[in-house]
Amino acid sequence: MTTLHEPVVTTTPADLSVWPASTTEPRPGDLAVGGVPLAEVADRFGTPVYVLDEDEVRERCRTYRDAFPDAEVLYAAKAFLCRAMVHWTEEEGLGLDVCSAGELELAVTTGFPPERIVLHGNAKSPRDLETALRLGVGRIVIDSPSEIARLAAAVGPGGHQKVMVRVVPGISAGGHEKIRTGTDDQKFGLSISDGYAQHAIARILDQPQLQLTGLHCHLGSQITSVKPYLAAVRRMVGLMARLHEQHGLVLPELDLGGGHGIAYRPGEEALDLTALARRVRAELTDACAAAGLPVPRLIIEPGRAIVGPAGIAVYRVLAVKKTGDHTFVAVDGGMSDNPRPALYGVRYAPRLVGRTSGAAPAPVTVVGRHCEAGDILAADVGLPSDLRPGDLLAVPVAGAYHLSMASGYNLVGRPPVTAVRDGHARLLVRRESLEDIRRRDVGL
């Protein structure tokens, strides 16, 4: 976890390596993204505010399509979803991976083809399944044995639904123990090692209304090495070979999930997408050849790697306070709009925007406004020593798991989402108002 004693990270004015490709500095200290100054966005829409570079999102979608031309790429909606994001994803030729009736309804009512959507979830509610069947979702990923009978009954004797099985391959990977999902000691999927996956697959094969199209696994999040994915390919193909021997089953699809790591601060490691695509393709081909199986179609599910680096969070400084040897810079947001530092100890690299400063950098801890000692956005970062209330701080790599994990803590209201492109900014998701909060509170 983050502490107040980690090495100071100073972001130099020229270091924009983790910012969207469109980021420029038209005037000293005044950063613009998508041709729009961030200070202008803050003045127009207020703070805190999320800023999303539409061209960056679209380009990252295309990068995945180019890297995996023969694979099906599903954008993981849990990272961030709104109607505009659904539209961009569809236009760039990606499918969608959703985890609830809410995400599914939003996508389909926006016009996304339901047959290009996959429904996940370790505990799907009756409403989730009913919505998926009513809207005609492409595949449902079975995550537990109890789902098999429930889903078969919901489909009915004359119905038909494509399904996959989420398999736990027994591989530990991910940037934090709370986001590692490929091991046997967590809530997702069915284990290979104890035979639960094989047993569930046999039960599915006995349900004529369920068509098993493939296997699914997800190793975790923030993975920066290719090796875990190669190990997953070998174990999943090994299971496919055993299923072929036992049932004569040849599965046409293999979903390796996502979890592709990105850099949150300059100098951090990110997953090499080109190497991943090349080596996974080679490993899959070799493993299938050794097993005497045809190569299944590969499916991958990137989320944060598409939208994370395209987003910026902009805050306004409310207070600067020295306590002992520490300087705390308090902003008008915090763990209600970005709980990830408190949950996972993730660190960001905030930057002063909207004015230039000749002051030397000094170590400060950027904290939020909420009533928690753990409400820390960035610990021990180097920022200009003349920071003062009213200044703007921009946090890059804020496109994923910010709004989607935002809360109503202290009833401050969730921030708006804006999109920038070609010198124009527009509102995608409006700010949650006090009136919104009051209207939900119906009891006395």
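This is a predicted model: local features need pLDDT of at least 70, side-chain atom pairs count only at pLDDT 80 or more; totals for chains, interfaces and linings use all residues.
Is glutamine 222 buried or exposed? Glutamine 222 is buried, with a relative accessible area of 16%, since the cut-off for buried is under 20%. Glutamine 222 sits in the loop between strand S12 (210-216) and helix H8 (227-247). Its phi is near 60°, a positive value in a residue other than glycine.

Asparagine 410 also has a positive phi, of about 60°, although it is not a glycine. This asparagine is found in the loop between strand S20 (392-396) and strand S21 (417-421). With a relative accessible area of 38%, asparagine 410 is partly exposed. A glycine with positive phi is found just after helix H3, where glycine 93 takes a value of about 85°. The backbone has a further feature at threonine 47 and proline 48, which are joined by a cis peptide bond with omega of about -10°. Proline 48 belongs to the loop between helix H1 (38-45) and strand S5 (49-53).

The next topic is how the helices pack. Two packed helices are described by the angle between their axes and the distance between the axes. Helix H2 (residues 54-67) takes part in a contact with H3 and in another with H9.

For H2 and H3, the axes are 9 Å apart and the packing angle is about 40°. The crossing of these two helices, H2 and H3, is right-handed. On the H2 side the residues are Glu54, Val57 and Arg58, and they meet Met85, His87, Trp88 and Glu91 of H3. Sorted by class, the contact of H2 with H3 holds three nonpolar, one polar and three charged residues. Helix H3 spans residues 83-91, and its buried residues are Ala84, Met85, Val86, Trp88 and Thr89.

For H2 and H9, the axes come within 10 Å and cross at roughly 30°. Angles under 35 degrees count as roughly parallel, and H2 and H9 are therefore roughly parallel to each other. Their crossing, that of H2 and H9, is right-handed. Thr63, Tyr64 and Ala67 of H2 make the contact with Leu273, Ala277 and Arg281 of H9. The residues of this contact of H2 with H9 divide into four nonpolar, one polar and one charged.

Helix H9 also contains threonine 285. At 38% relative accessibility, threonine 285 counts as partly exposed. Between threonine 285 and alanine 79 there are 206 residues in sequence and 30 Å in space, taken from C-alpha to C-alpha.

Another helix pair is H6 (residues 145-155) with H7 (residues 196-205), whose axes come within 9 Å and cross at roughly 10°. H6 and H7 are therefore roughly parallel to each other. Here Pro145, Ile148 and Ala149 of H6 are in contact with Ala200, Arg203 and Ile204 of H7. By class, the contact of H6 with H7 has five nonpolar, no polar and one charged residue.

The aromatic side chains come last. A pair of aromatic rings is described by the distance of the centres and the angle of the planes. Rings pair if their centres lie within 6.5 Å, and by this rule the count comes to two aromatic pairs. One of them joins tyrosine 64 and phenylalanine 68: the ring centres are 6.4 Å apart and the planes are at 10°, so the pair is stacked. Planes under 30 degrees apart count as stacked. Tyrosine 64 and phenylalanine 68 are both buried. Tyrosine 64 is also one of the H2 residues in the contact with H9.

The rings of tyrosine 264 and tyrosine 348 have centres 5.5 Å apart and planes at 85°, so this pair is edge-to-face. Tyrosine 264 lies in the loop between strand S13 (253-255) and helix H9 (273-291), and tyrosine 348 in the loop between helix H11 (340-344) and strand S17 (351-353), so the pair ties together parts that are 84 residues apart in sequence. Tyrosine 264 counts as buried at 2% relative accessibility, and tyrosine 348 counts as buried at 1%.

Technical notes: Residues are numbered from 1 along each chain as its sequence is written. Side-chain values use heavy atoms; hydrogens and water are left out. Rings of Phe, Tyr and Trp (its six-membered ring) pair if their centres lie within 6.5 Å; planes under 30 degrees apart count as stacked, over 60 as edge-to-face and the rest as tilted. Buried means under 20% relative accessible area, exposed over 50%, partly exposed in between (1.4 Å probe, protein chains only). Helices (H or I, at least four residues) and strands (E, at least two) are DSSP runs, numbered from the N terminus. Axes are lines fitted to C-alpha atoms, for helices over the stretch in contact, and angles run from 0 to 180 degrees between N-to-C directions. Angles under 35 degrees count as roughly parallel, over 145 as roughly antiparallel, 65 to 115 as roughly perpendicular and the rest as oblique. A crossing is left-handed if the near helix is turned anticlockwise from the far one by less than a right angle, and right-handed if clockwise. Contact means heavy atoms within 4.5 Å. Ala, Val, Leu, Ile, Met, Phe, Trp, Tyr, Cys and Pro count as nonpolar, Asp, Glu, Lys and Arg as charged, and the others, Gly among them, as polar.
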